[in-house]
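Here are my notes on the helix packing and the charged pairs. Have the structure open while you read, and check them against your own view.

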Amino acid sequence: MPKILLTLGALCLLVAAVIFLAVAWSWLGVGGRTVVLVVLTAATGGAGVALGRRGLRLAAEALIAVALGLLVLDLVGADQADWFGDLRFEQLLRIIGGALVVAGGALCIPRDRLITPQLAVPGGLGLVLASIDWWAHRIGEVDLGGLTTVLVFAGVALLARHFSALVLAWVSGGIAGLAWAVTVMVALVEALAHPSVEALWSDGHGWELTAATLLVLLAWPLAWSVILVRLGAGAVVAALGTLVLVLPALDGSPNQVTLVALGVVLVWAGVSAVTSPAWVLVPWAPLAGGALVAFISALVLLGHAALAVASAGDPFAETAGVRLDQSDLPLHPLLLLTTCAGLGVAAALALPVIRKRSAILAMGGAMVVASIATLALYPVPLWTVLAAGAAAVGVAWSFALTRTNGVAIAVVSALTGGLIVGAALPSAVLTTLALALLVGALTATLLRGRFTAAAELSGLALPVALAGLVWAAGEVADVSIAFRAAPILVLVGLLAILRPRLELEVTAAAAALAAALVAVPEATDVSVSAALHLTLAGALVTAHALIHPSRRRLTWVGGLLLAAATWVRLADVGVEQPEPYTLPSAVALVLVGLYRLRMSADVPTSTALLPGLALATVPSLLWVLEDPVSIRAVILGVACLALLLFGVTARWHAPVLVGAVVGGLVVVRELAPYAAQTPQWVLIGAAGAVLIGSGITWESRMRDLRNAAAYLGRLR
């Protein structure tokens with residue numbers, strides 16, 4: 001509340017002063033005007049100082065703000081009265097700014113410093129500096145406005161820090177930093193527009209950037225104890241100084257720019273190697289800038305190498321001798337290898353952690369990749385690049401086999417192997433060779449029997465690689481697409497049987513499904529092809545489940561696939577009756593259920609026999625419900641009666657349930673046509689008889705319950 005009241009009061013005083021001067025200035029004499037100016041300004045200023053000394057800081061801030069505002073109004077009014085003669089607007093700004101600096105500086109001297117005077121000083125300085133025509137005071141191509149602003153406010157910040165005027169110090173320091181940033185941007189644009197040695201130094205277009213760079217060191221006396229300021233100023237000077245020195249060399253070809261950036265990286269890496277750890281961030285700043293330029297150049301060359309390999313041709317459309325097309329490269333190909341080597345050396349010098357074994361291996365891998373990519377930047381045959389990549393992958397894979405924790409190496413090697421196969425796709429011969437090498441390496445890894453990361457990845461990738469090999473070999477041998485999926489099904493199925501591992505089984509199923517989905521639509525007779533592939537898949541899955549006890553649940557999948565194959569053929573020959581589709585599977589399910597009942601006396605018949613019996617009877621029941629007067633209805637009824645009698649004799653739940661439910665529905669359906677001709681009174685009477693019988697039974701049970709309760713109550 002005091003803040004609100006004092007703010008409004010100060011605003012009212014300033015408005016009143018403006019109105020008073022506007023109205024009374026014309027009829028007050030020179031003496032009266034002088035008295036008014038001096039008395040009002042001095043009174044408010046003195047009252048503010050007195051209140052500040054008594055600890056009333058809010059009131060003091062308000063009155064000091066009024067006094068400074070009156071001072072500005074006084075000077076404006078004096079200029080309107082021609083007290084200062086014929087002043088230009090710039091001169092008036094200097095007078096007002098100087099007055100604010102003097103008044104604010106004087107009010108900053110007391111021990112209990114107020115905030116308002118500390119804000120008035122940088123405001124006054126800003127008016128003074130803004131009123132100067134700096135363009136007329138240029139020294140050659142150097143604009144003194146920004147440099148002077150930085151120096152003045154940095155000096156004020158340093159002086160304010162000495163007198164513990166913290167607000168003035170922070171505000172002046174912030175203005176100095178902002179002015180420095182603007183000056184550096186302007187000077188940098190000027191230097192980049194004139195990058196030659198003559199233009200920079202003889203014509204003077206680089207001196208402003210040099211001076212602005214050195215001005216960063218003014219932050220040291222202001223905040224030397226702050227480590228961020230100390231190191232940041234040194235890093236900025238090092239980075240901008242390096243840019244000033246190498247700027248003429250950057251006005252050349254991309255090759256020259258890359259070499260200059262690499263030179264900067266190596267020089268500052270050497271400096272950082274001998275620099276104290278407390279100051280190592282200073283050389284890292286220009287090192288990072290040069291490394292960024294060099295890294296971008298390397299990425300550009302890598303992108304061109306990848307694009308050349310990827311655009312070698314459409315899949316299976318080229319011969320084995322297809323060559324890479326390299327034209328209009330923005331950089332020399334050897335710069336890729338040179339840049340990677342230079343960055344590796346610089347990293348080893350500047351970062352001690354890079355000297356560890358894992359980092360050295362990573363750097364070695366990067367150099368190998370750079371070497372292969374450099375080869376791809378020349379118009380060489382595609383197979384040379386693929387052979388180099390395959391050799392590198394083989395070495396890395398062999399290394400991963402010897403380590404139980406070589407997950408990263410194994411993953412990178414596997415991904416690189418996949419990329420090599422993808423790069424070989426333009427030629428069917430190259431693709432076949434690449435996949436053959438990959439399949440051989442994966443098979444050898446699985447045969448080792450060691451549980452390593454490489455072995456796990458081998459099990460995951462081998463079925464896919466094997467399927468791709470068969471497909472590519474079929475392309476080389478000019479085998480129709482329709483006949484390529486069957487051998488893939490057999491091979492990946494046998495592989496899963498030989499190595500029953502989950503990751504291998506999943507990828508084998510995926511590879512087989514993908515191959516079948518592509519091959520079946522290409523067949524002359526799609527239904528025959530679909531039945532053939534379903535039969536192969538069902539037989540392999542069933543054999544897999546029978547051979548390995550842990551996979552017995554897959555018998556259901558195998559049976560479903562075999563049944564689907566039968567259904568496809570039945571549909572192809574025009575069979576529309578349900579029994580040929582369902583009875584073979586139902587018989588198989590019942591036989592499996594009987595085997596389970598024989599092997600274990602604890603298995604309920606509902607679990608063992610109910611699925612097979614339901615499959616054998618329910619589809620026929622649906623047809624009987626549609627056509628009740630038929631041979632099928634007679635056979636189904638007799639079968640249900642046989643199930644019911646057998647279930648009662650053997651005391652098995654499933655046959656009784658199926659025979660009763662299905663047989664009962666058949667009987668009801670047979671009765672339906674005649675029930676529709678029965679008189680309504682018969683139906684009503686029958687319903688009444690059922691209801692009466694139910695009531696009698698209910699009452700009888702309730703009586704028995706009461707008698708039992710009374711008997712229990714008579715017991716002692």
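Quick convention before the points: a residue is called buried under 20% relative accessible area, exposed over 50%, and partly exposed in between. Bear in mind too that this is a predicted model.

1. Let's start with the salt bridges. With a side-chain nitrogen of Lys or Arg required to sit within 4 Å of a carboxyl oxygen of Asp or Glu, the count comes to 3.

2. Take Arg 501 and Glu 503, whose side chains meet in a salt bridge at 3.0 Å, N to O. Are these residues buried, exposed or in between? Glu 503 has 23% relative accessibility, so it goes down as partly exposed. Arg 501, at 21%, is also partly exposed.

3. Next up is Arg 551 with Glu 505, a salt bridge where the closest N and O atoms are 2.8 Å apart. Arg 551 sits in the loop between helix H22 (526-547) and helix H23 (554-572), while Glu 505 belongs to helix H21 (residues 502-519), so this pair ties together parts that are 46 residues apart in sequence. Arg 551 comes out buried, at 18% relative accessible area. Glu 505 is buried as well, with 15% relative accessibility.

4. Then there's Arg 484 with Glu 475, where the side chains form a salt bridge at 2.9 Å, N to O. What are the relative accessible areas of the two residues? Arg 484 is buried, at 5%, whereas Glu 475 is partly exposed, at 28%.

5. Now for a helix pair. The axes of H6 (residues 144-162) and H7 (residues 166-193) come within 8 Å and cross at roughly 160 degrees. Angles over 145 degrees count as roughly antiparallel, and H6 and H7 are therefore roughly antiparallel to each other. As for handedness, H6 passes H7 in a left-handed crossing.

6. Which residues make up the contact between H6 and H7? On the H6 side they include Leu 147, Val 150, Phe 153, Val 156 and Arg 161. On the H7 side, Leu 168, Ile 175, Trp 180 and Thr 183 are among them. Sorted by class, this contact has 13 nonpolar, 5 polar and 1 charged residues.

Notes:
Residues are numbered from 1 along each chain as its sequence is written. This is a predicted model: local features need pLDDT of at least 70, side-chain atom pairs count only at pLDDT 80 or more; totals for chains, interfaces and linings use all residues. Side-chain values use heavy atoms; hydrogens and water are left out. Axes are lines fitted to C-alpha atoms, for helices over the stretch in contact, and angles run from 0 to 180 degrees between N-to-C directions. Helices (H or I, at least four residues) and strands (E, at least two) are DSSP runs, numbered from the N terminus. Angles under 35 degrees count as roughly parallel, over 145 as roughly antiparallel, 65 to 115 as roughly perpendicular and the rest as oblique. A crossing is left-handed if the near helix is turned anticlockwise from the far one by less than a right angle, and right-handed if clockwise. Contact means heavy atoms within 4.5 Å. Ala, Val, Leu, Ile, Met, Phe, Trp, Tyr, Cys and Pro count as nonpolar, Asp, Glu, Lys and Arg as charged, and the others, Gly among them, as polar. Buried means under 20% relative accessible area, exposed over 50%, partly exposed in between (1.4 Å probe, protein chains only).
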